[in-house]
Structures are given as structure tokens and as C-alpha cells.
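The following note sets out numbered comments on the chain interfaces and helix packing of the model. Please read each point with the coordinates at hand.

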Amino acid sequence: MVGESGSGKSTIGRLALGLLPATAGRISFAGTELATAAPEALRTLRRRMQLVFQDPYGSLDPRRTVGAQIADALSIHALLPKAAHAARVGELLAQVGLAPEHAGRYPHAFSGGQRQRIGIARALATGPDLLVADEPVSALDVSVQAQVMALLADLRARLGLAMLFISHDLPVVRHLCDRVIVLYLGRVMEEGPTAEVFARPQHPYTQALLSAAPSLHAAQRRTRILLQGDPPSPAAPPSGCVFRTRCPQAVPACATSIPPLLGTTHRVACINQA
Amino acid sequence: MNRAPIYGVAIIAALALAVPLLPLPAPVSMDVAHRLAGPSAQHWLGQDEFGRDVLSRLLWGARVSLSVALFSAAIACIVGTAFGVLGGFLRGIVEILTLRAVDVLLCFPPLLLALLVVTLAGPGATTLVPVLALVYLPGFTRVAYAGVLTARSQDYVEAMRVLGAGRLRIMLRTILPNIGGPVLVQISLSTASAVVLESGLSFLGLGVVPPAPSWGLMIGAARATMVQAPLLLLWPCLALTVTILAMNALCDALRDAVDPHPAWKPRLRRTVDALAPGLLPAPAGVLDVRDLTVAIDTPLGTIHPVRNISLYVEAGETLALVGESGSGKSMTSLAISGLLPQAARISSGTIRLSGTDLLRLLEPALRAIRGAAAAMIFQDPSSSLNPVHRIGAQIAEAIRAHRPNADAAAETLSLLRRVGIPDPERRARAYPHELSGGMRQRVMIAIAIANAPSLLIADEPTTALDVTIQAQILTLLADLQRERGIALLFITHSLPVVAEIADRVAVMYAGEIVETGRTADVFGAPKHPYTAALLKSAPDEDGPPPEGIPGIVPAPHALPPGCTFAPRCTHRTPDCDIARPPLADVEPGWQTRCVRWRTV
Amino acid sequence: MAWLARRFGISFVLIWVVASIVFLAIRFVPGDPAELLLSQGGAAPDPGAVAELREQLGLDRPVWSQYLGDLWRLAHFDLGRSMQDDSPVVEAISRRLPRTLELIAAAALMAVLIGIPAGTAAALRRGRLFDRLASAIAALALAVPIFVVGTLMVMLFAQTLRWVPAGGYVALARDPAQHLLLLAMPAVTIGLGLAAVVFRMTRAAVLDVMLRDYIRTAHAKGVAPSRVLRHHVVRNALMPVVTVLALHMGTLLGGTVLVEYVFNWPGLSGLLVSAVNARDYPEVVGIVLVISILFVGLNLLVDIIYGLIDPRVRR
């Protein structure tokens with residue numbers, strides 16, 4: 001799921017985990033609707049969906065050892081007898097490329113990349129089916145970013161995880177994701193298989209976004225579409241298509257109705273494409 | 001943490017505790033024959049207006065004062081913290097009830113609240129404790145509530161919710177330990193303040209009831225005889241002051257330990273003039289930096305976060321200084337602009353701007369260059385503009401600082417127009433918080449170009465911005481540079497951005513330039529393993545999946561003896577660890593700090 | 001201007017709540033106030049006298065009627081009559097309130113005039129002799145309780161050196177010089193501790209602001225250091241200083257109780273102490289209400305000052 005600030009991508013991630021209530025619509029996980037699930041059932045579901053945070057510094061409690069924080073997941077859901085916790089924590093740390101003896105240390109002893117690995121280990125501790133990764137690499141240096149992305153891709157394959165990967169960074173998405181949803185001001189602009197969307201973007205916003213991203217191969221890039229102005233406030237979005245105020249292809253009809261998301265696997269919300 | 005106040009308070013508390021065991025006369029036993037007697041062998045500090053022993057009354061008074069203060073602070077702490085935690089964590093109706101109740105309590109000045117209750121319930125130590133507890137309760141509620149709100153918004157609390165933890169568990173395990181520090185500080189503050197308030201009330205005759213000893217009562221009583229027996233007044237005053245001084249010092253020490261703030265402030269720092277002048281080659285370009293080394297004195301010894309940096313930028317050219325965190329790229333830019341933090345100093349090197357050696361200039365001369373011939377743009381436009389001034393005024397200030405007679409108002413408007421801000425007349429009157437991030441960065445650029453600089457240093461100017469806004473700002477910078485022939489030193493961590501805008505690039509790692517040359521050459525066929533690895537780790541739409549670099553950047557106080565990248569390098573040989581490799585010429589204008597560049 | 005209207009609204013609600021609480025406190029305190037009042041001699045009070053007093057205090061009416069009546073009279077600035085001399089409480093308060101306000105104003109002025117420049121100077125010379133000296137003096141000034149300062153000043157300047165009278169009050173109109181002379185000691189007594197508070201807060205705030213990015217921007221513009229200090233540092237540092245001043249107004253108002261007592265300054269607080277000692281309910285309630293309203297008003301004033309200093313607040 002890609003979008004710029006104010007696109008609502010993080011909010012959707014929180015909604016998907018049932019951390020925020022939805023005003024309208026349905027979110028179901030493994031056939032159970034979150035909004036109507038009993039608190040006890042929701043707690044059980046929580047075990048099967050986990051979150052990886054953006055900020056490797058704020059997401060770990062500075063006052064407790066990383067081992068204790070990972071073990072929390074085990075004791076909350078009573079997944080293992082207490083005696084087996086230490087061994088399982090060691091296993092989880094090894095799984096994310098750290099050493100079991102790191103369990104006794106406090107978060108400040110680790111670098112940003114290592115903290116992010118600890119955050120992933122904590123998320124994996126409950127044995128989730130779904131991992132929501134909210135900009136998990138955007139706070140990291142590029143050389144570390146690539147390591148964490150490789151780890152996520154590897155875990156996804158090995159554990160068969162479903163992953164909702166939230167990012168503002170198109171190249172990162174290109175390499176990690178099977179399908180992509182492009183958001184703008186809380187609405188889906190375009191959705192489809194990653195390769196397809198990146199190769200043949202249909203929506204003017206997707207086209208502008210792709211062309212705005214700097215590239216190592218600046219020479220062979222497509223011509224840059226420069227969007228004018230700033231995105232409007234999410235509190236007061238424009239009528240009709242929310243992108244029309246910055247869209248280079250806008251026509252008067254864009255203001256009158258919200259364009260529906262049309263198409264089969266590759267879907268676009270633009271009246272010029274309909 | 002400074003331990004002296006702990007010992008001070010401990011001694012006072014120990015004395016108060018041990019009074020009953022000490023061989024002292026009873027504090028209430030009178031000896032009217034010796035009223036107002038001076039110090040003697042039996043009565044070290046003399047006798048009061050009823051002939052009672054002053055020392056004994058002082059120590060017993062400490063016991064009364066401290067126990068009243070401590071009890072009331074403890075009650076206030078337990079009740080107040082519970083209010084704050086419940087209000088902050090449960091929100092809703094509980095929050096309104098607890099917080100508003102406390103707000104109302106705060107409408108009564110403390111002593112007034114105490115007086116009101118004493119009127120209703122009568123004086124005495126038993127009234128005093130609940131009264132003081134009531135007075136200090138709001139402080140605890142506020143501190144606990146604020147702590148809970150801060151903790152609540154932390155990702156690690158959200159992480160506990162995601163794990164499925166219940167409210168009680170989150171409150172006890174995660175939130176309480178994180179507000180412990182501020183609450184501890186509040187306890188010490190309240191206790192110290194309660195001692196003052198208790199003595200004040202007793203002084204007025206509304207606190208501790210005579211004949212029980214209390215410092216406030218003693219001072220009140222000694223006032224009547226202050227001409228005949230001034231010492232009688234001085235002893236309790238001294239005791240009270242010393243006690244509060246010690247307790248205040250303890251509060252300060254606790255606060256510093258709980259909430260450490262940086263021990264230094266940044267100040268414009270003219271560098272030590274310790275260069276060997278020697279024979280310097282003729283300067284190249286607008287900016288010419290030779291052999292720049294920055295030193296910081298730390299408890300672990302002197303570290304050099306920037307070592308032997310040489311670079312130049314020609315007019316109309318863009319040099320990108322690229323590196324990851326800890327590479328020293330920002331420290332380099334701050335050193336060039338003369339804005340190093342106070343702890344850092346330039347230990348060697350030269351920095352020449354259009355031929356003038358900046359390190360040999362005095363501060364007023366440097367100031368005339370800063371913002372005029374050399375201008376800067378910083379990373380975070382939201383914190384880099386002063387929140388309390390209108391943006392027009394902030395731009396005009398830059399103009400007037402160098403050209404006091406200019407028509408700053410008119411120039412401000414044309415600058416705003418030039419950096420692409422619509423409706424400049426209205427926007428000039430806006431405050432920074434009323435603009436978007438992209439607009440703020442345009443304002444920063446307007447400030448930077450206000451005095452037609454020959455050099456522009458841009459430190460990560462687009463890192464905080466969205467992709468589409470970043471494209472706007474990069475285009476604006478490129479246009480301005482072309483239009484005005486500015487030499488642009490662009491500091492960034494993003495290789496794609498470098499590829500977009502830079503004519504030449506200097507790659508930094510662990511405080512050194514490891515490779516420099518034309519961007520197309522360096523990115524096309526890197527001659528340093530770090531450059532190559534960095535390029536491979538950058539995700540690119542069309543390229544293969546990115547590969548990370550194993551290992552971490554060495555700490556500045558534990559640099560390897562040889563090549564700083566050797567521990568992470570896949571081409572490492574024993575030669576790499578012997579000595580620090582020099583910069584080798586690949587071809588003119590293209591250098592690498594790798595001994596094996598021909599073979600790898 | 002919406003924020004201003006909201007602030008005014010909140011202040012009025014607070015005053016109403018304060019008045020209600022004072023009302024409740026008097027009505028629901030254990031024991032009958034009338035009985036309590038008359039039984040001070042130790043002997044059982046005469047039932048007839050109690051009934052008369054109850055009627056005089058309005059205690060025989062239903063509670064809600066008493067409450068509404070109290071609010072109604074409060075809204076008309078009627079605080080009842082003193083039980084000591086049967087004079088209207090409002091009269092006594094309006095005679096004495098200006099004297100207390102004068103004391104506070106003089107002390108606050110002194111605190112601001114000393115505390116802000118000294119705090120700024122200490123921050124700029126952090127760790128140097130001036131900073132250490134000023135910080136040590138401030139620590140001491142904070143540690144000495146206000147009545148100790150007052151008492152010691154009386155002992156030193158009035159009893160020993162005989163420079164000034166030990167206390168008292170002369171109206172400004174009657175003898176301006178003597179008025180100011182008598183004002184000096186109590187004002188300095190309160191101002192000293194407050195100046196220490198302002199000093200410490202200013203020093204910390206200036207140190208904090210100097211670390212901000214916009215100060216770096218100002219230096220990067222080539223602005224002269226003196227201008228950076230005046231235009232960028234001090235204005236931003238004033239915010240927390242104003243907050244602390246406001247928070248300490250409560251302590252300050254309380255402090256006047258002790259200082260007026262020590263220096264025999266016939267202000268509102270002195271009236272309060274004598275009313276408390278005489279258990280003069282109407283007078284105590286009246287004074288507590290007036291001071292609380294004053295306090296709420298002060299906080300409102302601080303909010304308005306905030307809005308003037310920092311445009312971000314005006315939302």
C-alpha cells in the first residue's frame with residue numbers, strides 16, 4: 001500500500017488490526033468480522049495478526065530487556081509454559097539474525113537495524129498469519145534497509161505469512177510486493193499486480209508518483225510529470241475525484257462524482273480511463 | 001548523579017529519627033528561671049522564652065515537620081497518581097471526573113486552601129496531613145496523567161495492544177515504570193514544599209498546636225524577643241533553610257537524573273587557529289576545502305568524526321556529499337558553514353570561499369559572509385523557521401542583516417514569488433505553522449538566496465518531504481542554480497537523488513571521503529567497494545533486488561587501524577588492515593581510498 | 001478570537017464551580033456551624049441563640065434554596081455581613097484588596113526585572129563565574145521560606161540598623177514617601193523568592209531555545225548575535241517563563257498571607273487570618289472566593305499573554 005503523507009495508509013493498517021474502529025464498511029480476518037467480534041474472540045485473533053512499526057527507537061520499551069518484551073507475547077496468550085520461554089525467545093532472535101544471548105540486553109544497546117529485527121521477532125512470537133508492516137524500513141540507512149527487506153521477504157516465504165506492507169517508497173515496494181494499492185487522500189487511485197502497475201500506470205497520480213521518484217538511472221527515466229501545489233487537507237478533501245486539484249488531466253466532470261474503481265485485476269479510479 | 005544532596009537529606013532525616021534516643025532534655029520541660037539563657041554546657045543552643053532546651057526543640061521540630069510533610073506527600077502521591085493514571089488510561093468519563101476535579105483544586109492557592117480547611121476543621125497535626133495532601137494531590141495527578149498520555153502514544157505501548165495484552169497488564173508493566181521518574185521528582189518537590197507550608201501555617205498559629213515543637217512555632221515565638229535574644233530566632237531559621245536547601249538540591253539532582261538534558265549548547269565557534277600555513281596550492285572553485293578534520297572531546301577521549309576531507313565546488317556546479325548516518329557528512333557541512341556545535345572544533349585544514357580562508361576570519365567578518373556569499377538550507381523546515389515570527393519578517397531579516405538600506409519588503413515579495421509561493425502578499429504575513437512542509441522549505445530557500453550567494457549548502461533539504469514535493473523542490477533548486485550560477489554543495493543520504501542532480505559526488509564513510517569523481521563515472525563503475533555496495537543496496541525500480549551491507553559502521557572512538565571499511569568489505573586482504581589507505585587517483589578528478597581498486 | 005471566547009467561558013465555569021465548592025464545604029462540614037461558633041467557650045450553647053444564628057446565616061432554609069440564594073447574591077457582589085462587626089464583607093474586601101494587589105504587583109515587577117535579564121545572562125555565560133554565583137544565590141533565595149526572610153529583614157533593617165520602620169501602612173495619598181518606604185520590605189521579601197524562580201526558569205528556557213534549529217537558521221542568515229538573542233531566543237523562551245510565573249501566582253497569593261502578617265500590612269490576607277481566627281464564616285468565604293476568582297482571572301490573563309507571544313496558540 002503506497003501513498004504520501006495524509007493518504008491514510010497508516011490508518012488503514014491500524015484498522016486492519018482492529019486497533020481503530022471503522023466508521024463504515026467491513027474488515028474480516030479469517031472469516032470473522034472485527035467490528036462485531038467479542039472482545040475475547042478479538043484477543044484470540046490478535047495472536048494471528050501482528051504489526052511491525054516504523055520507528056525502531058520508539059517501538060521498544062527502553063526500560064525492559066528485549067527478551068522480556070518478546071516473551072510478553074508468549075505469556076499473554078499462554079502459548080508455552082514459562083520454563084520454555086527463554087528457549088523460544090532465543091529461537092526467535094536467531095530467526096531474525098540475532099544471537100540468543102542478546103535477549104538479556106536493553107534496547108539502547110542495539111543499532112536501528114537490530115532494533116527493527118527485534119521488533120520483527122516480537123511480532124513473530126505469537127505465530128501470526130498476517131504481518132502489517134508500517135514503513136518498517138523508512139527510518140533505516142539504505143545498507144540496513146536492504147537487509148531488513150531481505151529478512152521480511154525470507155520470513156514471508158518460510159512462514160507463509162500474508163503481509164500488508166505500507167510504504168511511501170516506490171522502489172522498495174517494487175521489489176517486495178506482489179500487488180500494490182496506490183492511495184491518495186484516503187482513496188484508492190489504482191490497484192493491481194506490482195509489475196503491471198509499475199510498467200503501465202493508468203492513473204495520472206500513479207504516473208506522477210512514479211515519475212517523481214528519483215532514480216539511479218536518471219538518464220533512461222520517463223519524462224517527469226511535476227505536480228503543482230500541495231495535497232489538500234485530508235479534513236476537507238475536494239469534491240468528486242480527490243486528486244483533481246493537482247491532476248494535469250483534470251476535466252470539469254472530475255468535480256461532480258467520485259470515480260469508481262474499475263477493472264478486473266488491474267483497477268483504476270479515473271473517469272478518463274473508464 | 002550528584003550524591004551530596006542525598007547524604008544531606010539522609011543526615012537530617014536520621015537526626016529526626018534518632019531524637020528519642022539522644023540524651024536531650026524533653027522539648028517541653030520548662031525552666032522559667034533560665035528563660036532566654038544563652039548557650040551553655042547543658043543547653044548547647046541556649047534556652048527559649050520558657051527556658052526550654054532549644055537544641056532539643058529543634059530536633060523534635062524536625063521530626064514533626066518531616067513526618068507531616070512526608071505523610072502528606074505520600075498520601076498525595078498514592079491518590080494523585082492513581083487519579084492521573086486512571087484518567088489518562090481509561091479516558092472518557094473517568095478522565096473528565098479526575099482531571100476536572102483536580103483543575104478545580106488548582107483554583108485555590110495552596111495556602112488559601114489550607115486556611116479554608118483549617119477554619120472548618122480546626123488546627124493541629126491531624127488536620128495538617130490531609131490538608132497538605134489535598135494541596136499536593138493535583139501535582140501528582142497532572143504529572144501522572146501527562147506521563148500516561150506520553151507513554152500511550154509510544155509505539156511500544158501500541159505494540160503491547162497488538163500483542164493482545166489487557167489494560168491492566170499494559171498499565172502495570174509498561175506505563176507505570178515509565179512514569180516512575182517524574183513521580184519520584186514530584187514526591188521530593190512536594191515534601192520540600194510541605195515543610196515550608198507546614199512551618200508557615202504553624203508560624204501563623206494555624207498549624208502544629210503548642211507546646212509541641214515546630215520550627216514555624218519557634219520562629220513565631222522568637223519574634224517577640226528578637227531584640228533580647230536574636231539567636232533564638234536564628235536557630236530555627238537556619239534549621240529550616242538548611243533543610244529546604246538540601247531537599248531542593250535533592251529535587252534538582254533527581255530531576256536531572258530522570259530528565260537529562262544535553263550538557264552543551266551550540267555556539268558559533270571560531271576555530272582554533274592552529275594550522276600550519278605552509279605553501280598552499282592555488283584555490284580551485286568557489287568553495288575549496290583542504291584536509292578538514294573536526295575533533296570532539298568526549299569522556300572516551302578525543303574523537304574525529306570528520307577526517308582529512310578535501311573537496312571543491314565550482315560556480316554553477318553541484319557536488320553531492322553522500323553517506324549514511326554516522327558518516328560525518330552533516331558535521332562537514334556545519335564545519336564549512338561555521339555552525340559546529342560547541343563541543344566540536346576544527347583541528348586542522350583550510351576552508352576557502354572564493355579565495356578567502358574562512359578559518360582565519362574573526363566572527364564579525366564570518367557573519368558578513370554567512371547568509372550572504374555562503375547560504376544554507378537545512379533538513380527540517382518545520383523546526384528551522386522561528387514559530388513566533390511571520391515568514392515575511394524572517395526573510396526580510398536575512399536581507400537587512402547584510403543590506404540595511406535595501407527595500408526589504410519589496411524584495412521579500414519578489415523572493416517569495418521566485419520560489420513559487422502563490423499569493424505572496426498574503427503568505428508573507430503567515431506564520432510557519434500555517435504553511436505546508438513544502439512551502440516552508442521554499443521559504444528557507446528564499447532566505448538562502450536573498451543575498452545572491454555564490455555558495456549554497458543544502459543539508460538533506462528534501463528528506464522530510466513527500467516524493468512529489470521533493471521533485472518540486474529539487475526542480476526549483478536546479479532552476480535557481482542554473483539561473484544564478486550558484487555553487488551547490490548538496491548533502492544527502494539518497495543515491496537516486498544524487499544521480500538526479502549532482503555533477504560530481506563525494507562518498508563519505510566513517511568520517512572520510514572514500515571515493516569522489518563525476519557522478520556518471522562513480523555510479524557507472526565504482527572504484528571503491530563501499531560505493532559499489534551502497535549502490536547495490538539502493539532499491540531501484542528497474543534493477544535487481546537490493547542487497548544489504550553486513551555489519552555496522554565502526555564507532556568513532558574505535559576505528560580500525562587500516563581501511564575503515566575493511567571489516568565489512570568482501571574484498572578484504574591483510575594489506576587493508578596495515579595502514580589507512582591514501583586517496584589514489586583513478587584518473588584526474590576521480591579518486592578512491594582503496595588499495596585494491598585496480599583489481600576489484 | 002474563538003480561542004479567547006472559549007477561555008472566557010472556561011473561566012466563568014471555574015468560578016461557578018469554585019463558588020459551589022466553597023458553599024458545599026461550609027454546609028457539609030461535620031457539625032453545625034452555628035453551634036460550633038457559639039460553643040467556643042466550652043459550655044453548651046444556648047439553643048435559642050443557635051436558632052437565631054441559624055436564621056441569621058440562612059441555615060434554616062432548604063439547602064438548594066441556600067445555594068441559589070448564595071449564587072444570586074454572589075452575582076450581585078453581595079458577600080454578606082461580617083460576624084465580628086456586622087459590616088458588609090464586600091466593603092472590607094474592596095478596601096483591602098488594592099493593598100494586597102499593590103504588594104503582588106511590586107513583587108512581580110521586581111522578579112521580572114531581576115529574573116529575566118539575570119537568567120538570560122547566566123544562560124549565555126553557562127558554567128562561568130556569573131552563572132555559578134547567580135545560580136547559588138537563586139538556590140539560597142528559593143530555600144529560605146518567605147516568613148523567615150521577612151522576619152530576618154525586620155530584625156536586620158528595622159531592629160538593628162533602624163533604616164526602616166518594622167512594618168505598618170500609610171496611604172499613598174497621605175504620605176507617598178512613607179508609603180513607598182513601608183512597601184519596600186514586604187515587596188522585596190516576596191520578590192526575592194519569585195525572582196529566583198523566574199531566574200531559574202529563564203535560564204533553563206534560554207538554554208533550551210538556543211539548541212533549536214531556528215536559532216541555527218538565524219545564525220546562518222548572518223544575523224548579529226544581539227539581534228538573535230532579542231528577536232529569536234528571548235521571545236521563544238518567554239513562553240515557559242510565563243507559565244511558571246502563572247503557576248507561582250498561587251504560591252505568591254498565599255505568600256502574601258505570611259508577609260502581611262509579618263509586616264503588619266493591612267491587606268486582604270491579614271483580614272483572612274483574623275477572620276479565620278475569629279471563625280467569621282461569611283468573611284472567610286468571601287475572601288476565599290475573591291482570591292480564587294482573582295487566581296482564575298490571572299490564569300486567563302496568562303492564556304491571553306500566551307496568545308500574544310505564540311501565534312500557534314491562537315487556534
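**Comments on the model**

1. Chain C and chain B bury about 6000 Å² between them, with 71% of it on carbon and sulfur atoms; buried area here is the accessible area (1.4 Å probe) that two parts lose on being put together, summed over both. On the chain C side, C:Phe147, C:Arg216 and C:Lys221 lose the most area to chain B, together 11% of what that side buries.

2. Some conventions apply throughout. This is a predicted model, in which local features need pLDDT of at least 70 and side-chain atom pairs count only at pLDDT 80 or more, while totals for chains, interfaces and linings use all residues. Residues are numbered from 1 along each chain as its sequence is written, chains are lettered from A and ligands numbered from 1 in the order in which they are written, and side-chain values use heavy atoms, with hydrogens and water left out.

3. Two pairs of chains are in contact (heavy atoms within 4.5 Å), and of these, chains B and C share the most contacts. Their contact takes 70 residues from chain C and 67 residues from chain B. No contact joins chain A and chain C, whose closest C-alpha atoms lie 16 Å apart.

4. Three salt bridges are found across the interface of chain C and chain B, a salt bridge being a side-chain nitrogen of Lys or Arg within 4 Å of a carboxyl oxygen of Asp or Glu. C:Arg200 forms a salt bridge with B:Asp252, and the closest N and O atoms are 2.9 Å apart.

5. Helix 10 (residues 225-263) of chain C gives the most to the side of chain C that touches chain B, with 14 residues. By class, that side of chain C divides into 45 nonpolar, 13 polar and 12 charged residues. Here Ala, Val, Leu, Ile, Met, Phe, Trp, Tyr, Cys and Pro count as nonpolar, Asp, Glu, Lys and Arg as charged, and the others, Gly among them, as polar.

6. Between chain B and chain A the buried area is about 4800 Å², of which carbon and sulfur atoms give 54%. B:Val162, B:Leu163 and B:Glu541 supply 16% of the area that chain B buries against chain A, more than any other three residues. The contact takes 53 residues from chain B and 60 residues from chain A.

7. The polar side of the interface between chain B and chain A comprises four salt bridges and 23 residue pairs in polar contact, both at pLDDT 80 or more. The largest share of the side of chain B that touches chain A, eight residues, comes from helix 6 of chain B. That side of chain B has 26 nonpolar, 15 polar and 12 charged residues. A:Asp72 forms a salt bridge with B:Arg169, with the closest N and O atoms 3.3 Å apart.

8. Within helix 6 of chain B, B:Arg161 and B:Glu158 lie three residues apart, about one turn of the helix. B:Arg161 forms a salt bridge with B:Glu158, the closest N and O atoms being 3.9 Å apart.

9. Chain C has 12 helices and zero strands; helices (H or I, at least four residues) and strands (E, at least two) are DSSP runs, numbered from the N terminus. Its C-alpha atoms fill a box of roughly 85 × 55 × 35 Å, taken along the principal axes.

10. In chain C, residues of helix 11, including C:Leu268 and C:Leu271, meet residues of helix 12, including C:Ile287 and C:Val290. The residues of this contact between helix 11 and helix 12 of chain C divide into nine nonpolar, no polar and one charged.

Notes. A polar contact is a pair of N or O atoms within 3.5 Å; within protein, one must be able to donate a hydrogen and the other to accept it, and residues adjacent in sequence count only if both atoms are side-chain atoms.
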